[in-house]
Amino acid sequence: MTTSKIIWTETDEAPALATYAFLPVLRKFIDGTDIEIELKNISLAGRILANFPENLDETQKVPDNLGQLGDLTQYPEANIIKLPNISASIPQLQDAIEELQQKGYNIPDYPEEPKNDEEKGLHQRYARCLGSAVNPVLREGNSDRRAATSVKQFAQKNPHKMMLPWPESGSKTRVTHMESGDYFGSEASATMEKPIDVKIVFVAVDGSRTVLKEGLSLLAGEIIDSSTMNVAALRKFYSEQIEAAKKDNVLLSLHLKATMMKVSDPIMFGHCVSVYYEDALGKHVDALKEIGVNVNHGLADVLEKLDRLPSEKKTEIEADIAAVYKTRPALAMVDSRKGITNLHVPNNIIVDASMPNVVRDGGRMWNNDDELQDCIAMIPDRCYSTIYETILEDAKNNGQFDPSTMGSVSNVGLMAQKAQEYGSHDKTFEAPALGTIQITEDNDAVILEQKVETGDIFRMCQTKDAPIQDWVKLAVTRAKASGSPTIFWLDDRRGHDSEIIKKVNAYLPEHDATGLDIRIMRPDEAMTFSLERVRKGEDTIAVTGNILRDYLTDLFPILELGTSARMLSIVPLMAGGGLFETGAGGSAPKHVQQFLKEGHLRWDSLGEYCALVPSLEHVAKSTGNEKAAVLAETLDQAITKYLENGRLPSRKVDEIDNRGSSFYLTLYWAQTLAAQSKDAELQDRFTQVAKKLEKNEPRITEELIAAQGKPAELGGYFKLDDEMADKEMRPSPTFNTIVDAL
């Protein structure tokens, strides 16, 4: 039998640490089953090093693993387990570069403001590492994301305790958004009738033309969009919300996604910083410009670069910044003990992770006194802000959601071949002056255009036809498998969605939908419909575009399960292979901070365990490997035991952490393999292993707990020292001996 290969991705932070604990077990369990696990480094550090091979010696070079995996997705044998990775902001990129340089890697500094062709080239090379750099390469299929049955049943029997009541006396919390001048209001869209090459051109008021991007090849049936964020309207919106928050004595918070939408959202973030701190920053604009402050990086960039000024000037500016808080509303805090606010860095509060927490915490965020307080949640653009507005109003009227009874909202997401990659790539620009930005054919015939003022944010995106066809097919498949109402969240008032609706109506009749409840609803209406069912304990399937996929697959899992990391995320690749994602990593940095401080890793690898089941099933189905089928079936049973016995990591030191969870998953998997009778060889092999693990359980758990309570040493943050990480994540000699002897 041909050996099947499963690619396990080496990523960042807590998921990377957890890999050191679980991967050695996995490799031993599949030994002799014609399955091979290959580790591919697509971490932020790995992506950086792969970009500069000419700067490194042979021992330091890292291959372009991401590019290789992107190529692999085009083949039916692809089987990739993708763990959460850092979607890097510029501050994170700079920190990673500094760490790698300190480790002896001769890579160049990141030029924030490139001044010559060489620096512009470096700027472009580093841009490949920013934001959702990994996702567009690997996501050559659409997303099927839902809670595994065993996970959902466990969550209902053992509801998480993080849900806080909404105040019966009423809440001042609300979502606010722009009413005009945003992407929603300006969006224009068109479907290509034939293959065509286009370019993006800025046309100044004097008629002069500047090509911003050229050589964009479009396919027949492809949808393209253009939209603009008017920054004058954006800044006016921020000013109005600052006044409203001050008047109502509520916290002010901004919710964007500066990691995924890595070009547009940091700019929007920067405008909020400059408006909020206007009295201080405007007073010292020349001094701040001289030291290279970039408000798009947040207040942290301002405070850090003040060290470049004479001490007297630094003290003066710090005093003026402190004075701002006396006249402005209080900001939502990320870490009140360290004085880190919502506006400190752009990647601290990410909308898809932060807004579910507002719902979960009874409509409140943390203030400077480390207490929960009502807030205004600013989500400027109406394309998606209304869904959060709807759920907050529902919670105000109907009270908090109950994880023990609430139904599920699973998701079929359109994301293949870079569908709807808004604001995150080389088709997003700041308008250089008053004029028009056009999308034209090579002969300058205009397809779409946007009027712009200086600094307005223009974005274009593409959505190919084949992924839309596949998305509709996947939606029907899930509707048949589940029997649940299946709702396309599409807004006929948006240019893009109007074009998508035409295609959905054209492609749905190609599938047998007899007896299925499949509808198209505007996002706010779809949210209302889904919430009514959720409160009745009924399930619904949301069929959404890429951004809503990202938002909803955090929102509902956080409310239902306590975390989105426990979701089953399957991407059937369009070429026939499979990509199996393991949940969200938004909380991963906090987990690492705790581990470094007290040697306790609370990261839950349930997402990894769950993703491995369909990965093994894919091997069995595509190759006829019956051992893979047995491994998948028994692992699924082991996960159920893992949940039923409460072996998830605790948040507290000196209690079970990720390493203990890995041990118990190993124990239960060995037990289920020993108990099954479909494969005598596997049964015989694991009978003794299970007995040894059972016998040594007290000693192993004692050794794992004993490893906690002291700082962990990893030799780095972005690039770990393998020996040190292995020592920290495999601290039980007894457990290691049993596993390594397999």
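Trainee: Which residues are linked into a cluster by ring pairs?
Mentor: Trp8, Phe22, Tyr609 and Tyr642 are joined into a cluster by ring pairs. Rings of Phe, Tyr and Trp (its six-membered ring) pair if their centres lie within 6.5 Å; planes under 30 degrees apart count as stacked, over 60 as edge-to-face and the rest as tilted.

Trainee: What should I know about the model and its numbering?
Mentor: This is a predicted model, in which local features need pLDDT of at least 70 and side-chain atom pairs count only at pLDDT 80 or more, while totals for chains, interfaces and linings use all residues. Residues are numbered from 1 along each chain as its sequence is written, and side-chain values use heavy atoms, with hydrogens and water left out.

Trainee: How many aromatic pairs does a search of the whole structure find?
Mentor: The search finds 18 aromatic pairs. One of them joins Tyr276 and Tyr277, and it is edge-to-face because the ring centres are 4.8 Å apart and the planes stand at 75°.

Trainee: Are those two tyrosines, Tyr276 and Tyr277, buried or exposed?
Mentor: Both Tyr276 and Tyr277 are buried. Buried means under 20% relative accessible area, exposed over 50%, and partly exposed in between (1.4 Å probe, protein chains only).

Trainee: What about Trp471 and Phe488?
Mentor: Trp471 and Phe488 form an edge-to-face aromatic pair, 5.1 Å centre to centre with 90° between the planes. Trp471 belongs to helix H17 (residues 465–482) and Phe488 to strand S20 (residues 486–489), so the pair ties together parts that are 17 residues apart in sequence. Helices (H or I, at least four residues) and strands (E, at least two) are DSSP runs, numbered from the N terminus. Trp471 is buried at a relative accessible area of 0%, and Phe488 is buried at 0% relative accessibility.

Trainee: Where does the charged end of Arg647 sit?
Mentor: It sits over the ring of Tyr664, 3.9 Å from the ring centre. Arg328 lies over the face of Tyr276, at 6.0 Å from the ring centre. A charge sits over a ring if NZ of Lys or CZ of Arg is within 6 Å of the ring centre and within 35 degrees of the ring normal.

Trainee: Changing topic, how many cavities of 30 Å³ or more are there?
Mentor: A search of the whole structure finds four cavities of 30 Å³ or more. On a 1 Å grid over the protein atoms alone, a cavity is a set of points where a 1.4 Å probe fits but cannot get out, and lining residues have an atom within 4 Å of a point. Grid points are joined across faces, edges and corners, and a volume is the space filled by probe spheres set on the points.

Trainee: How much space lies in the largest cavity, and what lines it?
Mentor: The largest cavity holds about 180 Å³ of space. It is lined by 16 residues, and the closest to its centre are Met261, Asp265, Ile379, Asp381 and Tyr551. Helix H10 (264–276) and helix H16 (382–398) each supply at least two residues of this lining, and H16 gives the most, with three residues. By class, the lining has 10 nonpolar, two polar and four charged residues. Here Ala, Val, Leu, Ile, Met, Phe, Trp, Tyr, Cys and Pro count as nonpolar, Asp, Glu, Lys and Arg as charged, and the others, Gly among them, as polar.

Trainee: And the second largest cavity: what is its volume?
Mentor: Its volume is about 100 Å³. Among the 16 residues of its lining, Tyr384, Trp489, Arg494, Asp497 and Gly545 lie nearest its centre. The largest share of the lining, three residues, comes from H20.

Trainee: How many residues of H20 are buried?
Mentor: In H20, 16 of its 16 residues are buried. Gly562, with a positive phi near 95°, follows H20.

Trainee: Which residue other than glycine has a positive phi near 70°?
Mentor: That is Asp654, placed in the loop between helix H23 (626–644) and helix H24 (658–675). Asp34 is not a glycine either, and it has a positive phi of about 60°. Asp34 is in the loop between helix H1 (13–29) and strand S2 (35–41).

Conventions. 1 Å grid on protein atoms, 1.4 Å probe; cavity = no way out; pocket = protein on both sides within 12 Å on 5 of 7 lines; lining within 4 Å.
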